[in-house]
Amino acid sequence: MEESNLLLKQLVSLTQDETNLTANLANISAFLYDQLPNVSWSGFYLFDSTEQMLILGPFQGKPACTRIGIGKGVCGQAFQTKQTIIVENVHLFPGHIACDSTTNAEIVVPLTSSQGAAVGVLDLDSRRFGRFKAKDQQFFERIAKIAQKNWD
Ligand code: SME
């Protein structure tokens, strides 16, 4: 818990003086990829209201699927329901979209604007089954709050 508080403080100081959304999302994804153990991909999918789709945003890791329909995959479902989804084994998740066949576990946290609208998701993948647990949910939701800071 101590360590996750330190990581959250570091994320706040990394982003607090920058108002540009892309710059902050890029640094958040890089920070998480660099600092968290057993994370193979970390990044954002952003809602495009014209296309009515989630489109790949800043990330770290292997190249990934660029577009995800609302309600599709773990990302599209977390976005649609505005609920965090933790997947201990992606191979058992109906509709999981496999951008990288070596991924075994995933967490997706929805992002909301200051008006409460769904604007995207934070997505982390791992090759380790069960990497993300229910007890980690609050930590990742606090990261999402930091990422939402400049969304109006
Ligand atoms: N697995 C996700 C797709 C995005 S990648 O993990 C980067 C999903 O099912 O929505």
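What follows is a talk about the terms used for this structure.

Biologist: What kind of model is this?

Modeller: This is a predicted model.

Biologist: Let us begin with cysteines. What makes Cys65 and Cys99 a disulfide?

Modeller: Their sulfur atoms are 2.0 Å apart. The cut-off is 2.5 Å. So the pair counts as a disulfide. The structure holds one disulfide.

Biologist: Which hand does the link of Cys65 and Cys99 have?

Modeller: The link is left-handed, with -125 degrees about the S-S bond.

Biologist: Why say that the pair of Cys65 and Cys99 ties parts together?

Modeller: Cys65 lies in the loop between strand E2 (53–61) and strand E3 (67–69). Cys99 lies in the loop between strand E4 (85–87) and E5. The parts are 34 residues apart in sequence, so the pair ties them together.

Biologist: How do you know that Cys75 is in no disulfide?

Modeller: The nearest cysteine sulfur belongs to Cys99, and it is 7.5 Å away. A disulfide needs sulfur atoms within 2.5 Å.

Biologist: Is Cys75 buried or exposed?

Modeller: Buried. Its relative accessibility is 4%, and buried means under 20%.

Biologist: Why is Cys99 called partly exposed?

Modeller: Its relative accessible area is 33%.

Biologist: Now helix H3 (73–81). Which of its residues are buried?

Modeller: Gly73, Val74, Cys75, Gly76, Ala78 and Phe79. Their cover includes E1, E2, E3, E4, E5 and E6.

Biologist: What stands out just after H3?

Modeller: Lys82 takes a positive phi of about 55 degrees there. Lys82 lies in the loop between H3 and E4. Its relative accessible area is 43%, so Lys82 is partly exposed.

Biologist: Why remark on a positive phi?

Modeller: Most residues other than glycine have a negative phi. Gln52 also has a positive value, about 55 degrees, although it is not a glycine.

Biologist: Where does Gln52 lie?

Modeller: In the loop between strand E1 (41–48) and E2. At 47% relative accessibility, Gln52 counts as partly exposed.

Biologist: Next, the ligand. Which residues come nearest to it?

Modeller: Of the 13 residues around the ligand, Val74, Cys75, Ile97, Glu106 and Asp125 come nearest.

Biologist: How much of the ligand does the protein bury?

Modeller: Taken alone, the ligand exposes 310 Å². The protein buries 99% of that.

Biologist: What does the side chain of His96 contact?

Modeller: It makes a polar contact with the side chain of Glu106, at 3.2 Å. His96 lies in the loop between E4 and E5.

Biologist: Why is His96 called buried?

Modeller: Its value is 19%. Buried means under 20%, so His96 counts as buried.

Biologist: How about Asn24, buried or exposed?

Modeller: Asn24 has 5% relative accessibility, so it counts as buried. Asn24 lies in helix H2. Its side chain reaches the backbone oxygen of Thr15 at 3.5 Å.

Biologist: Last, the largest nonpolar core. Which of its residues touch the most other members?

Modeller: Of its 25 residues, they are Leu32, Leu124, Phe140 and Ile143. Helix H4 (137–147) is one of the elements that each supply at least two residues. H4 gives the largest share, six residues.

Biologist: What other core lies apart from that one?

Modeller: One of 16 residues, among them Cys75, Phe93, Ala118 and Val121.

Biologist: Why would nonpolar residues gather?

Modeller: In soluble globular proteins, nonpolar side chains tend to be buried together.

Notes
Residues numbered from 1 in each chain as written. Predicted model: local features only at pLDDT ≥ 70, side-chain atom pairs only at ≥ 80, totals over all residues. Heavy atoms only, no water. Core = buried A, V, L, I, M, F, W, Y, C linked by side-chain atoms within 4.5 Å. Buried < 20%, exposed > 50% of the residue type's maximum accessible area, 1.4 Å probe, protein only. Helix = DSSP H or I, 4+ residues; strand = E, 2+ residues; numbered from the N terminus. Near = heavy atom within 4 Å. Areas by Shrake-Rupley, 256 points an atom, 1.4 Å probe, with all protein chains shown as cover. Contact = heavy atoms within 4.5 Å. Polar contact = N/O pair within 3.5 Å; in protein donor to acceptor, adjacent residues only side chain to side chain.
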